[in-house]
Amino acid sequence: MKTILVAGGAGYIGSHMVALLVEKGYDVVVVDNLCTGHWQAVKGAKLRVGDLRDGNFLDQVFSEFPIDGVINFAAYSLVGESVTNPLKYYGNNVAGSQSMLTAMKNHGVKKIVFSSTAATYGEPEKQPIEETDRTEPTNPYGATKLAIEGMLKWCDRAYGIKYAALRYFNAAGANTEVGIGEDHNPESHLIPIVLQAALGKRDHVGIFGDDYPTPDGTCVRDYIHVRDLASAHLLALEYLDKGGESGSFNLGNGTGYSVKEIIDTARKVTGKAIPATVEPRRAGDPSVLIASNKKAQEVLGWKPERGLEQIISDAWTWHSSHPDGYGK
Ligand code: UFG
């Protein structure tokens with residue numbers, strides 16, 4: 001494997017994947033329509049701007065480069081928006097992946113690592129969540145990712161395209177060496193919002209509910225460093241290259257932190273007060289989501305290396321040096 005196609009490589013997690021592949025000496029080709037991604041985040045790779053749903057565009061890219069494997073991050077990912085506009089999510093996420101798989105089939109490319117999500121589980125049956133647990137998404141975002149996992153399974157059977165679907169828990173952090181980080185507009189994720197409050201760009205953080213059945217009443221999530229996520233993708237690609245069986249894998253640290261614990265850790269890391277007020281619950285938030293990462297450890301040989309303080313401190317380095325994100 002030498003040349004890797006990264007779809008959505010200008011986005012938050014995709015750009016960290018590109019940085020790792022470049023560091024490891026791969027030739028990297030990024031396809032991205034730049035609708036939510038940033039060209040400035042693509043460092044050391046070739047960028048072809050276009051949409052996955054454009055089959056001619058993908059045919060050109062697959063003809064231009066000797067692609068050995070694909071990593072697909074390209075998707076819309078706002079849970080709330082997916083509830084109000086499900087067709088936008090099916091139309092982009094599912095159709096984009098279908099188009100990518102069609103190009104792979106036509107060009108004889110047999111390995112894909114796919115960006116899936118803990119949202120495929122919906123309201124979990126138990127903690128920590130294992131890959132064999134019930135998958136019943138509670139929003140269209142999770143439903144589109146699960147639909148794509150189904151499409152991958154059938155494409156493996158029909159065309160021999162091997163896949164690893166990686167179900168991320170809460171991605172956070174930044175690559176301070178390369179100088180890339182999280183820049184969403186609008187921002188909805190907790191850690192960047194907390195750090196924007198530390199920078200004075202927001203006057204406070206709203207804590208969405210403190211009456212959940214958790215130790216301090218706020219929601220518990222499993223935060224995983226984006227660089228650890230990138231390492232897992234590379235291991236997954238190598239695993240498929242060695243003939244590994246297709247499957248789905250959870251990617252999380254296996255430890256949960258509450259919203260209040262995140263804010264407290266950010267206060268410690270940044271030395272800032274970070275005002276916070278309790279607000280009503282956000283619709284559709286499960287109280288606790290913690291990954292069992294046993295399968296990824298055993299099958300892929302993955303071991304996350306960075307804990308919460310490192311996640312927040314790397315994110316702080318990024319946000320404090322790029323208070324307006326990319327390009328400003
Ligand atoms: N939260 C707040 N205040 C905020 C923002 C978030 O209290 O201003 C809380 C949320 O209610 C939640 C926790 O912080 O309890 C984390 O929220 P995020 O929005 O950062 O992340 P989610 O857990 O909601 O979502 C993440 C991914 C989604 C994915 C989902 C899977 O961002 O893409 O996990 O469960 F679908």
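User: How far is the nitrogen atom of the ligand from a polar backbone atom of Gly206?
Analyst: The separation is 2.7 Å, from a nitrogen atom of the ligand to a polar backbone atom of Gly206. Keep in mind that this is a predicted model.

User: How much of the ligand's area does the protein bury?
Analyst: The protein buries 90% of the 680 Å² that the ligand exposes when taken alone.

User: What about His189, how far is its polar side-chain atom from an oxygen atom of the ligand?
Analyst: That distance is 2.8 Å.

User: How many residues surround the ligand, and which are the closest?
Analyst: The shell has 20 residues. The closest are His189, Gly206, Arg221, Arg282 and Asp285.

User: How does the shell split by class?
Analyst: There are 12 nonpolar, 5 polar and 3 charged residues around the ligand.

User: Which element gives the largest share of the shell?
Analyst: Strand β8 does, with 3 residues. β8 covers 205–208, and helix α6 (190–198) also supplies at least two shell residues.

User: Switching topic. Where does Thr214 sit?
Analyst: Thr214 is in the loop between β8 and β9, the latter at 220–221.

User: Is Thr214 buried or exposed, and why?
Analyst: Thr214 is buried, because its relative accessible area is 12%, and the cut-off for buried is under 20%.

User: What does Thr214 touch, beyond four places in sequence?
Analyst: Thr214 touches Val220, Ser287 and Val288.

User: Now Val6. Which strand holds it?
Analyst: Val6 belongs to β1, residues 3–7. Val6 counts as buried because its relative accessibility is 0%.

User: Which residues does Val6 contact, leaving aside neighbours within four places?
Analyst: The contacts of Val6 include Gly14, Val18 and Leu21. Val28, Val29, Val30 and Val31 are also among them, as are Ile71 and Phe73.

User: And how far apart are the C-alpha atoms of Val6 and Val70?
Analyst: They are 6.0 Å apart, although Val6 and Val70 are 64 residues apart along the chain.

User: Last one. What is the average pLDDT of the protein?
Analyst: The average is 97, and 100% of the residues score at least 70.

User: Where is confidence lowest, and where highest?
Analyst: Confidence is lowest in helix α3 (residues 79–84), with a mean of 94. Confidence is highest in strand β6 (residues 162–168), at 99.

Key. Residues numbered from 1 in each chain as written. Predicted model: local features only at pLDDT ≥ 70, side-chain atom pairs only at ≥ 80, totals over all residues. Heavy atoms only, no water. Near = heavy atom within 4 Å. Polar contact = N/O pair within 3.5 Å; in protein donor to acceptor, adjacent residues only side chain to side chain. Areas by Shrake-Rupley, 256 points an atom, 1.4 Å probe, with all protein chains shown as cover. Helix = DSSP H or I, 4+ residues; strand = E, 2+ residues; numbered from the N terminus. Nonpolar A, V, L, I, M, F, W, Y, C, P; charged D, E, K, R; others polar. Buried < 20%, exposed > 50% of the residue type's maximum accessible area, 1.4 Å probe, protein only. Contact = heavy atoms within 4.5 Å. pLDDT = per-residue confidence, 0-100.
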